[in-house]
Each structure stands twice: as structure tokens, then as C-alpha cells.
Amino acid sequence: MTVETIFGAPPAPQPEAREAITIRRPDDWHVHLRDGDMLASVLPFTAAQFRRGIVMPNLVPPVTTSAMAAAYRERILAARAEECDFEPLMTCYLTDATSPDDIERGWAEGIWVAAKLYPAGATTNSHSGVTDIAALAPVLERMERIGMKLLVHGETTDPQVDIFDREAVFMESEMLPLLARHQGLRIVVEHATTAETLDIVRAHAGRAAATITPHHLVINRTSIFQGGLRPHLYCLPIAKRERHRLALRKAATSGEACFFIGTDTAPHPRLRKEAECCAAGVFVGASALQCYVQVFDEEGALDKFEAFASLNGARFYGLPLNEGTITLHRRPGRMPKAVPVAGDEVVIFRGGEDLPWSLGEIRP
Ligand code: DOR
Ligand code: ZN
């Protein structure tokens with residue numbers, strides 16, 4: 001499959017178009033690195049693109065304590081190649097039993113950068129998530145006081161709600177009340193997928209932000225059914241209608257400070273994707289920057305790419321900007337189809353395609 005087969009040929013490059021772009025090294029503010037063999041296989045791809053990554057805690061069992069997070073961080077550091085300077089930023093998986101004191105201790109110890117709120121049952125390994133967000137108030141008040149960010153998977157778990165409406169319903173029924181109750185809490189709406197979510201984030205810019213994935217900028221819900229069912233395009237939140245994809249592209253390329261990279265790269269073995277019940281997740285870790293920069297190029301917004309990739313997220317998190325640069329070239333590069341993992345493989349988003357942009361040099 002190519003993007004062209006879904007959306008038609010991209011606009012021809014402008015005559016004065018740039019052949020390369022160099023930006024401050026970017027960060028991935030939403031990444032699933034998994035553990036064990038999978039971690040070893042996928043980490044090099046994220047580390048080749050990003051200086052830091054917010055590591056999602058939905059392992060089995062979930063990363064609910066600072067001791068678990070510290071041990072997981074060590075496993076990630078140990079899986080890095082010798083010269084690799086990728087820095088994992090750890091998150092706490094919130095449950096109904098999370099205590100404000102534990103949160104504050106892990107924050108004071110410098111282990112947590114943020115906490116992740118999964119509504120119980122919303123997505124992969126979220127069964128231990130939160131069943132009643134209002135009851136989490138003591139934890140959220142403590143986070144508000146110490147300045148710890150809240151990262152939200154914004155989908156309702158009500159099985160009566162149509163899967164394509166789950167984000168919209170969550171934003172109205174949970175996110176707006178949450179923003180009203182905790183006016184000092186800084187919240188990242190993860191993997192935003194609707195135009196209305198983007199507007200809610202804009203209306204609360206300064207204390208709310210959103211990550212936007214590469215795949216939600218490239219595919220819409222029809223792509224998942226293009227010529228047959230395409231399990232490797234199934235993720236949560238599921239891709240929405242074309243008007244939402246266009247709104248996401250406009251937001252990402254706008255330069256607005258409340259929008260930044262979060263790839264949500266979520267690898268699953270091919271056997272778990274091409275299965276009777278397909279696991280949710282797109283492995284975009286190998287093609288993320290190439291996809292993002294292509295979108296900025298197509299939108300005539302290469303001058304806004306650095307803000308989205310390397311500035312807005314760090315500023316929202318109150319972290320220093322990275323030193324060093326990465327260069328991307330407008331030079332076709334064949335993306336490998338899949339990455340081998342322990343007797344199976346993980347299919348890469350847009351794997352097998354000749355992508356118009358390629359990764360170039362990193363200067364630390
Ligand atoms: O598609 C998804 N996959 N969405 C999530 O929220 C979780 C992720 C995963 O961990 O596989
Ligand atoms: Zn995720």
C-alpha cells in the first residue's frame with residue numbers, strides 16, 4: 001500500500017523546495033518500548049530518531065510503582081547500543097489504588113516525569129486503569145501541587161458508545177469536567193484524533209496540550225478498509241473521518257505551542273495483528289520522522305517542523321531543549337517492511353514503500 005493509493009498523488013514539490021532540513025534534535029512524547037526481546041528489537045529505531053522519549057507504562061504487569069519504573073528504566077538503558085544517548089522518561093500507570101504520597105515520592109526521587117491515565121479497559125493492557133476519574137481527585141490535586149503532568153488516553157469505555165465516537169464522548173463527559181476541576185493541572189491529551197479535541201486543547205492552551213501521531217496524519221478510517229481489512233492500521237483511538245485527518249494536519253503544521261510529536265509507536269508481533277482478534281497498535285517507530293516531515297512538506301510548512309518536533313513538547317514539560325541537530329533529506333529511501341523479533345516480526349507503518357524523505361546525520 002502507498003499513501004498515493006489512498007489519497008492520490010501528493011502535490012509536486014515547489015521549484016524552490018528545500019532538499020534538506022536540519023532541526024534541533026526531536027523528542028517522542030509518547031512511545032511504547034515494551035520489554036525483553038521486543039524492547040531490544042524496537043528501541044534502536046526510536047533511538048535513531050529521538051533524543052528522549054516518554055515511555056508508556058502499560059506493560060504486563062503495569063508500571064505502577066517508582067521501584068518498577070526505576071527497574072524498567074535500567075532495562076531500557078541496558079538495551080541501548082554503546083554510543084546511544086537516548087534518554088527514557090518514565091511514567092506512572094494510574095490505578096484506582098494509586099496514592100498521592102507514592103506519586104509525590106517517585107516525583108521527588110526524579111523517577112517519574114508524568115502519570116498516565118488509562119480509563120480501565122480502554123486499550124491494550126489497560127484493565128488495571130482508572131474506573132472513576134472523579135475519585136482520583138486526591139492524586140490529581142497532589143500532581144497539580146508538585147507540577148507533575150497528567151497524560152490522558154481520552155476514550156470512553158462505555159461499550160454502548162460507537163468506537164468512532166469514543167474520543168468525542170470522553171472529551172465532553174470526562175475531559176472538560178476534569179479541566180474545570182483541576183485548573184492548575186497540566187494535561188496532555190494523547191494521540192488526538194478529532195477536530196473537536198483539537199479545539200478543546202486550543203481553548204485550554206497553556207495548561208493543555210495534545211500529541212499527534214504520524215499515522216493519524218496519513219490515514220483516515222477508510223484506509224483501514226482499503227481493498228480489505230488492514231490490521232496493521234488498527235490502533236486506538238481508531239482513525240477517524242477525512243475531515244479530522246485534515247484538521248490534525250492543520251494543527252500539527254500550525255506552529256501552535258500546544259501541539260507536538262507523540263508517535264504512539266505500539267509494536268505487536270505480526271501473529272497478534274493478523275489474528276482472530278487483532279491487537280490495537282501501529283508500529284511507526286521506524287518511519288515516524290520521515291512521515292512527519294513529508295506531511296509538513298506537503299502542507300508547505302517545513303518552517304514549522306522544528307517547533308512541532310523539538311520545541312513545543314519540551315517547553316510544555318518544562319524540560320531543557322535538546323542540544324545537537326538531525327538532518328532529513330528529500331531523497332527517496334526504501335522503508336523495510338518489518339523488523340524481526342524473536343521468531344516473529346513487527347510490520348512497520350509504510351514499510352516496503354519508497355518514502356520521499358530519509359533520515360540524515362545526527363550531530364550530538
Ligand atoms: O493502539 C494502541 N496501542 N493504543 C493504545 O492506547 C495502546 C497501544 C499499545 O500499547 O499497543
Ligand atoms: Zn499509546
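User: Where is Phe 225 placed?

Analyst: Helices (H or I, at least four residues) and strands (E, at least two) are DSSP runs, numbered from the N terminus. Phe 225 is in the loop between helix 8 and helix 9. The model is predicted: local features need pLDDT of at least 70, side-chain atom pairs count only at pLDDT 80 or more, and totals for chains, interfaces and linings use all residues. Residues are numbered from 1 along each chain as its sequence is written, chains are lettered from A and ligands numbered from 1 in the order in which they are written, and side-chain values use heavy atoms, with hydrogens and water left out.

User: How accessible is Phe 225?

Analyst: Buried means under 20% relative accessible area, exposed over 50%, and partly exposed in between (1.4 Å probe, protein chains only). Phe 225 has 49% relative accessibility, so it counts as partly exposed. The C-alpha atoms of Phe 225 and Arg 334 are separated by 24 Å. Along the chain, these two residues are 109 residues apart.

User: Gly 184 next. Where is Gly 184 found?

Analyst: Gly 184 sits in the loop between helix 6 (166–181) and strand 7. Its relative accessibility is 42%, so Gly 184 is partly exposed. Gly 184 and Leu 140 are 44 residues apart in sequence and 9.8 Å apart in space, C-alpha to C-alpha.

User: How do I read an aromatic pair?

Analyst: Use the distance of the centres and the angle of the planes. Rings of Phe, Tyr and Trp (its six-membered ring) pair if their centres lie within 6.5 Å. Planes under 30 degrees apart count as stacked, over 60 as edge-to-face and the rest as tilted.

User: How many aromatic pairs does a search of the whole structure find?

Analyst: The search finds 10 aromatic pairs. Take Phe 296 and Phe 308: their ring centres are 5.5 Å apart and their planes are at 40°, so this pair is tilted. Phe 296 lies in helix 11 (residues 288–298) and Phe 308 in helix 12 (residues 305–317), so the pair ties together parts that are 12 residues apart in sequence. Phe 296 and Phe 308 are both buried.

User: What are the distance and angle for Phe 316 and Tyr 317?

Analyst: The ring centres of Phe 316 and Tyr 317 are 6.4 Å apart, with planes at 80°, so the pair is edge-to-face. Both Phe 316 and Tyr 317 are buried. Ring pairs also link Trp 29, Phe 260, Phe 316 and Tyr 317 into a cluster.

User: Which residue lies over the face of Phe 316?

Analyst: A charge sits over a ring if NZ of Lys or CZ of Arg is within 6 Å of the ring centre and within 35 degrees of the ring normal. Arg 186 lies over the face of Phe 316, at 4.5 Å from the ring centre. Arg 221 lies over the face of Phe 164, at 4.6 Å from the ring centre.

User: What surrounds ligand 1?

Analyst: A residue is near a molecule or strand if one of its heavy atoms lies within 4 Å of it. The residues around ligand 1 include His 32, Arg 34, Asn 58, His 153, Leu 236 and Gly 281.

User: How far from ligand 1 is the polar side-chain atom of His 153?

Analyst: A polar side-chain atom of His 153 lies 3.2 Å from an oxygen atom of ligand 1. A backbone N or O atom of Leu 236 lies 2.8 Å from a nitrogen atom of ligand 1. Taken alone, ligand 1 exposes 290 Å², and the protein buries 100% of that.

User: Which peptide bond at Leu 236 is cis?

Analyst: The bond joining Leu 236 and Pro 237 is cis, with omega about -5°. Pro 237 lies in the loop between helix 8 (214–218) and helix 9 (242–252).

Methods
A polar contact is a pair of N or O atoms within 3.5 Å; within protein, one must be able to donate a hydrogen and the other to accept it, and residues adjacent in sequence count only if both atoms are side-chain atoms. Accessible areas come from the Shrake-Rupley method with a 1.4 Å probe; for residues, only the protein chains shown count as cover.
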